[in-house]
Amino acid sequence: MNSKIYSICVVGGTGAEGGGLALRWAKHGHRVTIGSRDVEKAKAAAAELNARLGSELVLSAESTEGVLSADIVVLTVPFSGQLPTVEGLKQALQGKILIDVTVPLVPPKVSKVQLPESDSCVVAVQRLLGEQVRVVSAFQNVSAHKLKNLDHEIDCDVLVAADDKDARLTGIELARHAGLRGIDVGVLANSVVAESLTSALIWINKFYKVPDSGIRITGLPTE
Ligand SMILES: NC(=O)c1ccc[n+]([C@@H]2O[C@H](COP(=O)([O-])OP(=O)(O)OC[C@H]3O[C@@H](n4cnc5c(N)ncnc54)[C@H](OP(=O)(O)O)[C@@H]3O)[C@@H](O)[C@H]2O)c1
């Protein structure tokens, strides 16, 4: 199968969720850079992933440098840092696709949906960046723990929303390259569904004493 190789910068890839996505995309063959506010921290995270992969595939950079060198940027930082991070990267992001994984969790009540004024925190990012950046919402419902376990098939779909159809297709493609099924859920405003679902999944994990509940969309043709 022909598969395009992308240059991907994961901003916040030093953390659990971004690290898991970076690991899976590097394993697929993409050129992945871990972006961080601290280049030494990015180096250490990239070295850890490379040790797991037995290669030197994963690169590291200060976030702005990483974003400038990437075709696709993935944002995996806590909600409290989301808008300030995007504001700081606004110029570097122009013309690119940004996949935002942010869930608007407000500690300590992370099992309760607490949406921001804009409803969707990813829609707020699109507004801040303007239409020259194609923002995609994806991966909010997949746990880092699952992403890091390369030997395990992940029992969870990825809801992919974006106003730009090609960007949405790229998000779905990257879900597949991470070993997941991406589902087209339409315009970016629908991101609010995935953003809200995560708190319900956190509740389910606690209530049923399971580590990683997930979601499946039924009734679709088999691939
Ligand atoms: N963990 C999960 O299972 C999971 C699942 C689904 C979605 N998510 C979402 O994915 C995002 C990342 O989750 P995570 O668990 O990986 O988070 P995390 O480990 O707490 O943070 C990820 C990285 O974000 C950067 N960061 C931390 N605080 C920041 C701030 N105030 N401003 C800017 N950057 C900051 C740090 O990178 P540097 O210090 O290197 O810059 C950190 O390593 C969150 O929005 C989360 O809700 C997580």
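**Reading packed helices**

Guide: Helix 1 passes helix 2 in a right-handed crossing (near helix turned clockwise from the far one by less than a right angle; left-handed if anticlockwise). Helices here are DSSP runs (H or I, at least four residues), numbered from the N terminus. The model is predicted: local features need pLDDT of at least 70, side-chain atom pairs 80 or more, while totals for chains, interfaces and linings use all residues. Residues are numbered from 1 along each chain, and side-chain values use heavy atoms, without hydrogens and water.

Visitor: At what angle do helix 1 and helix 2 pack?

Guide: Two packed helices are described by the angle and the distance between their axes. Helix 1 (residues 16–28) and helix 2 (residues 39–53) pack at about 45°, with axes 10 Å apart (lines fitted to C-alpha atoms over the stretch in contact; angles run from 0 to 180 degrees between N-to-C directions).

Visitor: Which residues make the contact?

Guide: Gly19, Ala22, Leu23, Ala26 and Lys27 of helix 1 meet Leu49, Arg52 and Leu53 of helix 2 (heavy atoms within 4.5 Å).

Visitor: How do helix 4 and helix 5 cross?

Guide: The axes of helix 4 (residues 79–93) and helix 5 (residues 121–129) come within 10 Å and cross at roughly 30°. These two are therefore roughly parallel. Their crossing is right-handed. Phe79, Gln82, Leu83, Val86, Glu87, Lys90 and Leu93 in helix 4 meet Cys121, Val122, Ala124, Val125, Leu128 and Leu129 in helix 5.

Note on methods:
Angles under 35 degrees count as roughly parallel, over 145 as roughly antiparallel, 65 to 115 as roughly perpendicular and the rest as oblique.
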